[in-house]
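Please take a moment to look over the sequence and the model that follow, and keep both in view while you read.

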Amino acid sequence: MNTEEILTTGKERVMNTYGRLPLALVKGQGTVVWDSDGKRYLDFVTGLAVTSLGHSHPEIVETIRQQAEQILHTSNLYWIPNQVKLAKLLTDHSFADRAFFCNSGAEANEGAIKLARKYAKKHFGSDKYKIVSLKNSFHGRTLAALTATGQQKYQEGYEPLPEGFSYIEINNIEQLEEAIDAQTAAVMIEPIQGEGGVNLLTKEFVHRIKEVCVKHGALLIVDEVQTGMGRTGKLFAHQWFELKPDIMTLAKALGNGVPIGAVLATEEVAAAFQPGDHASTFGGNHLATAVGCKVMEIMTREGFLTEVQIKGEYFKQKLQLLAQKYGLKAQVRGLGLMLGLSVGPCGPEIVSYCLQNGLLINCIGGTVLRFLPPLTVTIEEIDEASAILDRTFARAFS
Ligand SMILES: Cc1ncc(COP(=O)(O)O)c(C=O)c1O
């Protein structure tokens, strides 16, 4: 199919759930992708924080090839060696003691909410079921994850929504203390709100959440679907806050493009799930967990995360200089290689100019540019992207 056929047939035959750019990507290598007409782009979207090791990473390609030759899928009726290995790797490198595997971020969050409610019911009785999350958050599109998502626009049309969810303002300690009570089963947060606009939670706020949770016997769930797996320069973003959650969810970069999700929990909390309580046919299959193990192996190599921090700081400074040059009042926000810049209503226009100039970036809510390059991006590629942004800003802000 040529580009025109892909776009025309796609518009006729694929459900119309995405506002897509007129572009079909067909090949990738490291930070670079090519479209169906052979045009080259720098990929600073990475499938929304998924291909964090870049496209066609040779070790990931080899892992997929070898695993495909060996065995792809059996069932959770039997033990899956790579699943056990990945559970060990993830728990060895986090607060957690046990892992459950699924296929996406929403499914991981759905599992986390179910686990929190099961735990609360087991230890405190059936009156403890409420989930408190943050306004502007994003936790996925399944019904419970959608209800935990503190943005009405995603919920409209799907009512009645599951009961027991409420929302508080980010970094608002007063609202936090009012919202959590004896009926709260869990508080759910993203350490940095991704889809909400790259909004950072303060250390004071997250520690207060933990204290209030402990006081009321509620669990703290951190959604690290976007911030996890090295994106912020630590393996998990909550580690910047020296915070100990009870449950953590992962997906996206854990499989570098192979679908996988995970729910991690402490021994005490995980014990609320018993055989039959939760399941997923594809969850943690041989292929997905083989890739997950390789991703973990690469990301935990000496120096990998330090490099992410250095490159993140370099890119942040470049973006800040551009913001100053074009008179933008907003500060560049984010950590590591998860960065955002408010540019006002010309956001979509900037995305489109960048596309024409060979750079893929993303815009949240029509006003915030989000930059999610692969963690393997080079300084030269950051310079090239910054030069494209410079030309683009010159056009957009002139
Ligand atoms: C923080 C967060 N949680 C959950 C999700 C949902 O993940 P998925 O699209 O894999 O269901 C996303 C997706 O962007 C996310 O950013």
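This is a predicted model: local features need pLDDT of at least 70, side-chain atom pairs count only at pLDDT 80 or more; totals for chains, interfaces and linings use all residues.

P160 is found in the loop between helix 7 (152–155) and strand 6 (165–168), where helices (H or I, at least four residues) and strands (E, at least two) are DSSP runs, numbered from the N terminus. The peptide bond that leads from E159 into P160 is cis, and its omega is near 5°.

Residues are numbered from 1 along each chain as its sequence is written, and side-chain values use heavy atoms, with hydrogens and water left out.

We can now turn to a sheet that includes strand 1. This open sheet has 4 strands in the order 1-2-3-15, with mixed pairing; two strands are said to pair if DSSP finds at least two bridges between them. Its edge strands, each of which pairs on one side only, are strand 1 (25–29) and strand 15 (359–360). Strand 1 runs antiparallel to strand 2 (residues 32–35), and 4 bridges join the two. Within this pair, K27 stands opposite W34, and Q29 stands opposite V32. The hairpin of strand 1 and strand 2 has 2 residues between the strands, and in it G30 takes a positive phi near 60°.

Moving across the sheet, we find that strand 2 and strand 3 also pair in the antiparallel sense, over 3 bridges, and that V33 stands opposite Y41 in strand 3. Their hairpin has 4 residues between the strands, and here G38 takes a positive phi, near 85°. In which sense do strand 3 and strand 15 pair, parallel or antiparallel? They pair in the parallel sense, over 2 bridges, and L42 stands opposite L359 in strand 15. Helix 14 (residues 379–396) lies across strand 3 (40–43) and strand 15, running at about 105° to strand 3. For such descriptions, contact means heavy atoms within 4.5 Å, and axes are lines fitted to C-alpha atoms, for helices over the stretch in contact, with angles that run from 0 to 180 degrees between N-to-C directions.

Another open sheet of 4 strands has the order 13-14-17-16, with antiparallel pairing. Strand 13 (333–335) and strand 16 (362–364) are the edge strands here, each pairing on one side only, and the twist averages 20° from one strand to the next. Strand 13 and strand 14 (residues 338–342) pair over 3 bridges in the antiparallel sense, and the bridge partner of L335 is M338 in strand 14. Helix 12 (residues 304–325) lies across strand 13, strand 14 and strand 17 (368–371), and runs at about 10° to strand 14. Helix 13 (residues 347–356) packs on the sheet as well, touching strand 16 and strand 17, and its direction makes about 175° with that of strand 16.

Finally, consider the ligand and its surroundings. Of the 13 residues around the ligand, G105, A106, D223, Q226 and K252 come nearest, a residue being near a molecule if one of its heavy atoms lies within 4 Å of it. Which helix gives the most residues to the shell around the ligand? That is helix 5 (residues 105–124), with 3 residues. The shell divides into 3 nonpolar, 6 polar and 4 charged residues, where Ala, Val, Leu, Ile, Met, Phe, Trp, Tyr, Cys and Pro count as nonpolar, Asp, Glu, Lys and Arg as charged, and the others, Gly among them, as polar.

A backbone N or O atom of F138 lies 3.4 Å from a nitrogen atom of the ligand. The protein covers 81% of the 390 Å² of accessible area that the ligand has on its own, with accessible areas taken from the Shrake-Rupley method with a 1.4 Å probe.

Notes. A polar contact is a pair of N or O atoms within 3.5 Å; within protein, one must be able to donate a hydrogen and the other to accept it, and residues adjacent in sequence count only if both atoms are side-chain atoms.
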